[in-house]
Amino acid sequence: MLTIKRVATVLSNYQEDAYEKQEVGCGRNCLGNCCIPASTLPLYAFQKEQDDSGEYGELYPSEEQPQPSFLNLLLEQWGDRMRRGLFRYDVTNCKTKIIPGKYGFIAQLNEGRHLKKRPTEFRIDQVLQPFDDSKFNFTKVGQEEVLFRFEQSNDCKSHFLASAPVTAKPNYSPNVIAINVSPIEYGHVLLIPHVLDCLPQRIDHDSFLLAIHLAREAADPFFRVGYNSLGAFATINHLHFQAYYLEVPFPIEKAPIQRISTEEGLQDTGVIVSQLLNYPVRGLVFKGGKSAQDLSDVVANTCIFLQTNNIPFNVLISDCGKRVFLLPQCYAEKQAIGEVSQELLHTQVNPAVWEIGGHMVLKRREDYEDASEAYAWRLLAEVSLSEERFQEVKACILEAAALQATNMKETEVNQAEDKVYQKEDSLCKQRAASQANQRVPYDCMVLQ
């Protein structure tokens, strides 16, 4: 078993507490089953597409507030938590610069991010690991760290309620947006799908579509959503995405791409798949689709293939949810077997989704002052799969994505045919009843 002694970044103010199993009504006003069913939390209900059929978005029109933009609301609430002193440090004091060079890598000096950490034994040889309630998870977060719930509206509009009771209906598990108390940038938040379900860090179709909706609702290309799998520098094994606002293009967004010819199943979805070119990390780029769900399903299928086959990966959702970068990586594995140079290890940089995107979060002042494009390239090149391995993985995930897309299309066709058959069967019965009525004497008919 490959293990690596890791010092995890603190994502919540409750992460370092020593927790025992809490009785019902723990008194901490947390996100667990003991507190949240009786709680009142802000609710943001995002607009659904015409063909969506989500079950959430229970609104209270008499209490509805004037509608702000989602991103303004998020940043306003995030700033409120900053004023209340809920963060471990003031990220606005962190120095940031654009590194000179062709790609414009972004360097940030964030010395505060590693000052308070807890030692853990972090397995890096398994992308899928069971949820462990004895470890820190987001049900132990205090409700003061929550900005609002994030649910689908019951119409084609977005709504915000400053105060709404958490429904007590069976099996309801809210999606919440909470602050990251160790932020990388302004507005750094966590999207935690179905928090009470205690899902491990693994992609599924519903959660990935929720992340796409988050990016689309922000409607700003400088607000990006990211995901790290286990083995690719996720530090908490409780399903979550990260997002923040940074008003500068990421280098990966400017990298050239080459369109890949895809199987018929993928072509039917309208999703275009390309490969990154002339970038230190090899990866795939997905865009297009006839709907948000088309794009989401194709990317989710590839993520599910990677995690099922134990390949660590990172995902960057860009361009208001219209473009997705999928980046398999092997840096932690190289670390564990001693294939990463001491020079890079001494920087203590763990290249997760933000670093791979080109936002280099540096922990030592000397690294920040000496940062160069050559350094960024050298670090990220260690993250990437080899060309040979990448081509193997690419072929497999495209085949898996096309097969899944074809299966989904066949399911939709079968469902449509079932509806036609049901309709035809109903019409046949109506015609038969009509014919029977014509044969039955009037005084023998039952009138309704």
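Good morning, colleagues. The model is predicted: local features need pLDDT of at least 70, side-chain atom pairs count only at pLDDT 80 or more, and totals for chains, interfaces and linings use all residues. Residues are numbered from 1 along each chain as its sequence is written, and side-chain values use heavy atoms, with hydrogens and water left out.

I begin with the chain as a whole. It holds 11 helices and 17 strands; helices (H or I, at least four residues) and strands (E, at least two) are DSSP runs, numbered from the N terminus. Of its 448 residues, 53% count as buried, where buried means under 20% relative accessible area, exposed over 50%, and partly exposed in between, with a 1.4 Å probe and protein chains only. Among contacts with a separation of 6 or more, 75% are between residues 24 or more positions apart; contact means heavy atoms within 4.5 Å.

I turn now to the sheets. How many strands form the open sheet that includes β6? There are 12, in the order β7-β2-β6-β8-β9-β11-β10-β15-β16-β14-β13-β12, and the pairing is mixed. Two strands pair if DSSP finds at least two bridges between them. The edges are β7 (159-165) and β12 (257-259); each has a single partner strand, so one side of each has no neighbour in the sheet. From one strand to the next, the twist averages 25°. For such angles, axes are lines fitted to C-alpha atoms, for helices over the stretch in contact, and angles run from 0 to 180 degrees between N-to-C directions.

Within this sheet, please look at β6, residues 146-152. Seven of its seven residues are buried. With β2 (residues 40-46), β6 pairs in the parallel sense over four bridges. Here alanine 45 has glutamate 151 as its bridge partner, and leucine 43 has arginine 149. With β8, β6 pairs in the antiparallel sense over three bridges, and phenylalanine 148 stands opposite isoleucine 177 in β8.

A helix is placed against these strands. Helix α1 lies across β2, β6, β7, β8 (176-179), β9 (189-192), β10 (223-228) and β11 (241-245), and runs at about 155° to β6. Helix α1 covers residues 70-83, 14 residues in total, and reaches 20 Å from its first C-alpha to its last, close to the 20 Å expected at 1.5 Å a residue. That expected span is 1.5 Å times one less than the number of residues. The buried residues of α1 include Phe70, Leu74, Trp78 and Arg81. Just after α1, glycine 85 takes a positive phi of about 75°.

There is also an open sheet of three strands, ordered β3-β4-β17, with mixed pairing. Its edges are β3 (96-98) and β17 (359-362), each with a single partner strand, so one side of each is left without a neighbour in the sheet. Neighbouring strands here are turned by 20° against each other on average, direction ignored. Strand β4 (residues 106-109) pairs with β17 in the parallel sense over four bridges, and leucine 109 stands opposite leucine 362 in β17.

My last topic is helix α5. It spans residues 292-308, and its 17 residues reach 24 Å from the first C-alpha to the last, close to the 24 Å expected at 1.5 Å a residue. Why is α5 largely enclosed by the rest of the structure? The reason is that 13 of its 17 residues are buried.

One of its neighbours is helix α2, residues 205-218; the two axes come within 9 Å and cross at roughly 130°. The two helices are therefore oblique to each other: angles under 35 degrees count as roughly parallel, over 145 as roughly antiparallel, 65 to 115 as roughly perpendicular, and the rest as oblique. In this contact, His205, Phe208, Leu209, Ile212 and Arg216 of α2 meet residues of α5, among them Ala292, Leu295, Val299 and Ile304.

Phenylalanine 305 also belongs to α5. Leaving aside neighbours within four places in sequence, phenylalanine 305 is in contact with Cys396, Ile397 and Ala400. Phenylalanine 305 and alanine 400 are 95 residues apart in sequence and 7.0 Å apart in space, C-alpha to C-alpha. Just after α5, asparagine 310 takes a positive phi of about 60°. Thank you for your attention.
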